[in-house]
Amino acid sequence: MIDIIFLLLIYFFLSTTLAPPESRLSPALRAERRDAGSSADLQPQVVEVARIGGSPGFRLGGRVLRGQEALTEALRDLPKEIGVFVRVSDGVTARWPAAALQACRDAGFGKVTYVPASGGGGV
Amino acid sequence: MNITALVDVVFLLIVFFLTTSSLAEVTRVRLDLPVQAGEGAGRGGAATVVVNIASDGVYIVDRRARSLEGVLAMVRAESATTEGPLDVVVRADRGAPGSALNALATGLADAGIERWRLATEVPGPLGGGR
């Protein structure tokens with residue numbers, strides 16, 4: 001009995017330290033082109049992820065949002081049918097587009113598209 | 001008949017298979033993924049390509065550092081030989097430069113990949129949260 005208990009303990013210790021659970025975010029992917037877009041396309045809702053005022057943040061419409069929770073709350077009020085584009089500039093680290101994508105999912109968006117910003121940088 | 005030894009062997013086998021299934025995950029490149037709940041591990045496509053992006057922007061596939069062109073060539077080759085949709089999983093360190101992620105995204109889009117999956121670390125007592 002004691003042997004079995006110790007073996008199970010060893011298993012749980014090993015499994016928690018060796019295999020942190022992972023999940024996935026599954027946005028669509030679309031390249032931004034300078035000459036892209038047809039006039040027939042619906043204007044998507046765009047979340048910009050960039051350095052704003054020297055630090056990473058989100059811009060939704062004319063609003064600057066600094067936290068994932070604030071972005072999620074702002075996105076909840078938007079119509080979900082037309083989806084949302086997450087446009088990511090080069091000047092942020094990978095955690096920021098991940099936060100934006102998660103915020104879109106948490107707000108109820110089913111259609112989320114990742115768009116790498118051409119020209120990069122930020123404001 | 002004393003079956004204590006048999007029970008011990010059975011439990012050892014159970015622990016062995018449980019441990020090896022976790023150890024199989026050890027082949028994953030060690031990265032500090034963004035801590036997000038995600039949408040669940042989900043099911044991949046007909047074939048899966050896992051591209052890791054380290055904190056310095058280096059692309060790692062099959063535990064080997066590769067150039068962006070090399071990664072995209074692998075993706076195109078895999079996509080050409082795969083009947084169903086190719087599942088591209090990008091495991092980017094949370095500190096990886098956005099330029100590396102964007103360059104990969106642009107290359108994948110040009111290669112015809114319409115959907116990809118970004119790996120996150122699940123927050124919680126057994127997950128991330130750092």
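**The cavity and the strands of chain A**

The largest cavity has a volume of about 40 Å³. This is a predicted model, in which local features need pLDDT of at least 70, side-chain atom pairs count only at pLDDT 80 or more, and totals for chains, interfaces and linings use all residues. Residues are numbered from 1 along each chain as its sequence is written, chains are lettered from A and ligands numbered from 1 in the order in which they are written, and side-chain values use heavy atoms, with hydrogens and water left out.

A cavity here is a set of points, on a 1 Å grid over the protein atoms alone, where a 1.4 Å probe fits but cannot get out; lining residues have an atom within 4 Å of a point. Grid points are joined across faces, edges and corners, and the volume is the space filled by probe spheres set on the points.

Which residues line the largest cavity? They are A:Ala94, A:Pro97, A:Ala98, B:Pro34, B:Ala92, B:Leu101, B:Leu118 and B:Ala119. Two or more lining residues come from each of helix H3 (95–106) of chain A and strand E5 (117–121) of chain B; helices (H or I, at least four residues) and strands (E, at least two) are DSSP runs, numbered from the N terminus.

I turn now to the strands. Strand E3 (residues 45–52) of chain A pairs with strand E6 (residues 84–88) of chain A in the parallel sense over 5 bridges, where pairing requires that DSSP finds at least two bridges. Within this pair, A:Gln45 stands opposite A:Val84.

Note on methods: 1 Å grid on protein atoms, 1.4 Å probe; cavity = no way out; pocket = protein on both sides within 12 Å on 5 of 7 lines; lining within 4 Å.
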